[in-house]
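Student: Could you take me closely through the aromatic rings of this model, and how they are placed relative to one another?

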Amino acid sequence: MGDMTNSDFYTKNQRNDSNHEGGFGCSLLELRSLMELRGMEAVVKIQDDYGGTEGLCQRLKTSPTEGLEGVVTDLDKRKEVFGENLIPPKKPKTFLQLVWEALQDVTLIILEIAAIISLGLSFYQPPGGGSESCGTANAGEEDEGEAEAGWIEGAAILLSVVCVVLVTAFNDWSKEKQFRGLQSRIEQEQKFQVVRGGQVIQLPVSDIVVGDIAQIKYGDLLPADGVLIQGNDLKIDESSLTGESDHVRKSAEKDPMLLSGTHVMEGSGRMVVMAVGVNSQTGIIFTLLGAGGEEEEKKEKKGKMQDGNMENSQTKVKKQDGAAAMEMQPLKSAEGGEVEEKEKKKSSVSKKEKSVLQGKLTKLAVQIGKAGLVMSAITVIILVLYFAIDNFVLQKRQWLPECTPIYIQYFVKFFIIGVTVLVVAVPEGLPLAVTISLAYSVKKMMKDNNLVRHLDACETMGNATAICSDKTGTLTTNRMTAVQCYVADVHYKAIPDPSSIPPKTLDTLVNAISLNSAYTTKILPPDKEGGLPKQVGNKTECGLLGLVLDLKRDYQTVRNQIPEEKLYKVYTFNSIRKSMSTIIKLPDGSFKMYSKGASEIILKKCSRILNEVSEPRVFRPRDRDEMVKKVIEPMACNGLRTICVAYRDFPANPEPNWDDENNILTDLTAICVVGIEDPVRPEVPDAIRKCQRAGITVRMVTGDNINTARAIAIKCGIIQPGEDFLCIDGKEFNRRIRNEKGEVEQERIDKVWPKLRVLARSSPTDKHTLVKGIIDSTLVEQRQVVAVTGDGTNDGPALKKADVGFAMGIAGTDVAKEASDIILTDDNFSSIVKAVMWGRNVYDSISKFLQFQLTVNVVAVIVAFTGACITQDSPLKAVQMLWVNLIMDTFASLALATEPPTESLLMRKPYGRNKPLISSTMTKNILGHGVYQLTIIFTLLFVGEQIFDIDSGRNAPLHSPPSEHYTIIFNTFVMMQLFNEINARKIHGERNVFDGIFRNPIFCSIVLGTFAIQIVIVQFGGKPFSCSPLDLEKWMWCVFLGLGELVWGQVISTIPNSKLRFLKGAGQLTHKDEMPEEEQNEDQEEIDHGERELRRGQILWFRGLNRIQTQIRVVNAFRSSLYEGLEKPESRTSIHNFMTHPEFRIEDSTPHIPLIDDTDIDDEAARKNSPLSQPSSPNKNNNAIDSGINLTTDTSKSAVSSTPGSPLHSLETSL
């Protein structure tokens, strides 16, 4: 489909040409070549070849006014001949591909190799059998049967590897499926207005066909290529295709070519669709980018699954010179490293930093990985040395050739133990937990009317400290109704009876409102009996049209007399004019202009006003001031928006110069001032109270005047009487924040924003300035996290700048939705509060999982390590470890990451950006439970055989049968984890850990399921799991010791944190993985450590980072590309740089902040560091490095690396 090969493409066109006479008057190729022309060239071509747009429409068998008939057969034929309006998505990865990817995991590969060696050796019988001389190696061989069973351990390891791989692949697969579902949901959201059979209907973009007449208006994203038939003051932003930021004027006479993917910035009009899908200009670009290219665009627009055909990064890196327009993702780590990037259609669209949580987790995972690597290396070395010294030094044996296989078998066993320690040490469940938690939240957020476009927005929302909300439609119902008016020198407090208004004034007023509003704005009968009439189009205009209906007149009859084509000129509404005017030509050749707009703006331009007998009387500035005092301010103080309607007559000749706007829009005659009310949504005051309780400041930013804004703010509860706050308008705001030269100064903004609650009459730039000012502010020790809502095209920059941008699903323009992270499908402020709740819940889910995970890791690693050192054999065998790893990582992440949110989440202040991931309560729990578990396990290990009166399992020779002793240890260990999983449900030190446990069926089923499987493993696992069946009494003991976890949990939560002063330190350097004080001089240290470590176990490091490719892909799927101006220059110091160029030394060390924590780089440091981001390293033997892995040492500001060509696009390697 999309990647039509050329030959295929031409055969298709030949068919179209033969189709020419029978079908349409022009072929696909002709239309395609026509769309490549621009400006006058195109006008001439259309005139000469087709006889103007009318001729073009005839050939395409469509009518410029009526549109297509809409017959199904005709539509299908058009789709067949000219293609459909969609760019075919790429095929999702198959399950097998995902399995293959999961197999790429280095640790798994090492385990597989070890298992295969172990298998091979077990089948190798040395000649001369058990000659005494091989010593301990053979002493323990029992009967032949056992020797035969030597292969079981190798096989079991292979089997468990298969399990892990399948689980991982299945998880990825189901996630991919979910996101595709979400994707198609986003796609269906996008509708467009098309005329069919004379009716204007909303169609999904994919249903548009060639020959359709599309209505385009301010704020649209054009879905297909077309030729303008009629336009009013149309300006288009074509930067997405041409890169030129200036808006291009379009008109049917001069430049009628409209291209898909461009934005309508002003005006309105109608176009006939000429090319769709892969044949449109955007589509052609994608086809050029190759098969994957066109998918990328869909992803770009919507954030699709990223599963491009991946190549080796070396080949791709060469393309990176133009990388400002691409996004780099170092996705894979230890294998040949693929960096998937996107050729961007829109270099402008972009997402902010990597989310805070991901930064923190990345760092944690890397630190734990290091620690695990060190531990496993030491374990192996100790085991090998001990064996060698014991055999060859103390017992003075020779190394005999025939004993070699037996010795090697021992070494392989040691190696397997070492790898197992590593497997358990690395929390590969972490990224999984994040992804599951986010995916789950996103799915559930749909029900709460939040359509999440970028995954991490969901979690960032939990940290939000400020919300800048629009008024109209978000805080209010967006059903405008006219409630007061001032007409014919009388101020009516309610809509007057039509008979009380002079008939001439009434006619003028009805004409002025009916003609001077977008013809797409209508009031339709209600959907269900007794409902409110349905308002379509611009809501303010609907309020005015409602006024016409209340005055018992019909606007439609007026519009039918003067249809849209007859309007002589339209000055459409935009944020600079803040008014709209329409000019009509009267039968006698003279002109009449109707204007409407914000009352203070229009009244300034009025020099007359209609009095009680419909005569214009003089309207002087002092009359205006009085009018403002007597009429406009009282209306505004009731929270009404005031609109003034006016007109002006022009003579037939000389015809005025319509382009000279300033002289046209003056000297008007005011007809009336209307007060339009937009009532506050009933649920908003409550939602705002919740926000304030949760430590989030709500600010209102609106285009309305200050009195209206203040009245609504009081109704909503944004400002309480008696508080110290600021309500200012855009002018005053700019006066306060700009210096004499007119430049914005941060310290001036810092004086304003903390108290600012209402910003009225604000321009889009003001909104952007405010958001940027709050985000960049250093007044408070925590950087503010700002959410912004917006619906207009002009809100784009602010939405993009904010940490989380909310676009309105109903009232929002395509441009706004494009720039946003989350779309509110019901335009309701209370949905934002839901988003905050879900965001905090994600954070808490991750913390729960961490608390659980780290306990398991600490205990398992210490047990394996000490056990191996003291008894030459890990009490927990490789296969058992893999099982523990599977339940603890994969299942627990499912169980703990899907806890539903509760209202109590909104009772606390937001976590800061640099609060440690692991709070002191969590540290207390991790250490406390760790101590309990270690005590029990070591007791069992060293005196277990006496307690239970069984044979000791210590120092068992190779291939000995499984002992009950070690089975009890294994079983107790798993039972303790199961009950600790219940403890982990609460992380703020709550007492009742069972609270709400039945609201989470996933959790219950996983705990019970794990328990059931554990019984099966112990009773029937036998040799492969090194288990021997236990009787009921021993089972009871195991469960009893496990239940002790719950009791111990209560003991721990009784100890107040304040008593544990030392935990403050521990909260910063908890686990075994910190090299103390290393960060003090992090940069220099990193080099040496990093150099040594990477040389040694380069690849192993990334065990955790690496199991996760697909998850990264999913998380990235929702993230868009580099920022246009790379607004945030902070780059991160990354190990990758040190690896590639060890000679770097950075003079300033980043401030010392706890490791688990993460740090904000100050701008100084960032600027010095930014030159470090080098393109991928030339050194080929270092595959870990080549893959563009960048382990950042400083991960809180996930700024886009500031050299655009660098592959270090924030650390998405990790999560």
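Tutor: The model is a predicted one, and it holds 16 aromatic pairs. In one of them, the ring centres of F387 and F411 lie 5.7 Å apart with their planes at 80°, and because planes over 60 degrees apart count as edge-to-face, this pair is edge-to-face. The two residues are 24 residues apart and join distant parts of the chain, with F387 in helix α15 (residues 356-394) and F411 in helix α16 (residues 404-425). F387 is buried, at a relative accessible area of 8%, whereas F411, at 24%, counts as partly exposed. Another pair, Y932 and W1048, is stacked, with 5.8 Å from centre to centre and 25° between the planes. This pair also links distant parts of the chain, since Y932 belongs to helix α34 (residues 920-948) and W1048 to helix α37 (residues 1032-1054), 116 residues apart. Y932 is buried, with a relative accessible area of 14%, while W1048, at 29%, is partly exposed.

Returning to F387 and F411, ring pairs connect both of them with F392, Y407 and F414 in a cluster.

Notes
Residues numbered from 1 in each chain as written. Predicted model: local features only at pLDDT ≥ 70, side-chain atom pairs only at ≥ 80, totals over all residues. Heavy atoms only, no water. Phe/Tyr/Trp six-rings, centres within 6.5 Å; stacked < 30°, edge-to-face > 60°. Helix = DSSP H or I, 4+ residues; strand = E, 2+ residues; numbered from the N terminus. Buried < 20%, exposed > 50% of the residue type's maximum accessible area, 1.4 Å probe, protein only.
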